[in-house]
Amino acid sequence: MVDAKSNELRMKRLQWDSEQLGIGCGLIESTESIVGQNSKVSIDKIAKWLEANSDLEFITVKATPEHLAVLNHCLSMGAYFADTKIMFKYSAHRNINLDRNSEYRIEIIKSIDSTPFLELSEEMTSSRFYADPKIGYTKANRMWRTSIKNHCEGFVDKLQIASKGDQPCGLIAIKFFNTDSLLLSIVGVIKAFQRRNIGNLMLRHILYRYAKDFTIFVETQATNIPAQKLYIKNGFEFHHITHILHLWR
């Protein structure tokens, strides 16, 4: 195994992705410090790392638009744009009014049986895995089902669950970066409970509980317009975008 890290690029082998896809997978990820630095040095690092990891068949490249040298170099090797992620940051700091009479119960827990939430994998079709024809629907769906299972069963720091009676109906995974910031992921409502304002309800509870003490981030695909509208409606603002390339070797 050869993993490389620097203050310009993070390059590593992806064990979980490799297990799910049955091939060697890796990641090239640019950091903010790369901006304005010698792009040739960065490209040389990529070339050396790829040579040292010649067994990797599938490389995910993540870079913000400022990192043109990295993006163009990977495109010249045959990579293509698979996705663009939009990161939102909560900045409204408005007073949050909770509906205390709601028929839905909201709770923060560490883990839960994933079975009711596995169907959320069907809602992730705007993701890059579904969009990549070399991965295909079956493998993409298996990856998302496994990811949801892992998140529900302890992969993240906390889970927020919405329930109606004994029936779980919504999920938000919470990962704490440090003592003052957190990321929301897998924000989803089970299909039978959609269009009932549960997404707004869950986000308001998150903001009510954490916004005073944490900077809150949430990420979605550029093609997922309903999610973007949901976050903006609840006081989130655009923070940055990340382009994601797929490089098949």
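A salt bridge is a side-chain nitrogen of Lys or Arg within 4 Å of a carboxyl oxygen of Asp or Glu. This is a predicted model, in which local features need pLDDT of at least 70 and side-chain atom pairs count only at pLDDT 80 or more, while totals for chains, interfaces and linings use all residues. Residues are numbered from 1 along each chain as its sequence is written, and side-chain values use heavy atoms, with hydrogens and water left out.

The structure holds 5 salt bridges, including these:

| Pair | N to O distance |
|---|---|
| Glu 29 and Arg 10 | 3.4 Å |
| Lys 164 and Glu 103 | 3.1 Å |
| Lys 149 and Glu 153 | 2.9 Å |

Glu 29 belongs to strand β3 (residues 25-30) and Arg 10 to strand β2 (residues 9-13), so their pairing ties together parts 19 residues apart in sequence. Helices (H or I, at least four residues) and strands (E, at least two) are DSSP runs, numbered from the N terminus. Lys 149 and Glu 153 are 4 residues apart in helix α5 (residues 136-155), a separation of about one helical turn.

Asn 178 sits in the loop between β8 (167-176) and β9 (181-189). Its relative accessibility is 41%, so Asn 178 counts as partly exposed; buried means under 20% relative accessible area, exposed over 50%, and partly exposed in between (1.4 Å probe, protein chains only). The side chain of Asn 178 has a polar atom 2.9 Å from the backbone nitrogen of Asp 180.

In helix α6 (residues 198-210), 10 of the 13 residues are buried, so α6 is largely enclosed by the rest of the structure. Among the buried residues are Leu 201, His 205 and Tyr 210.

Definitions and conventions:
Polar contact = N/O pair within 3.5 Å; in protein donor to acceptor, adjacent residues only side chain to side chain. Expected span 1.5 Å × (residues − 1).
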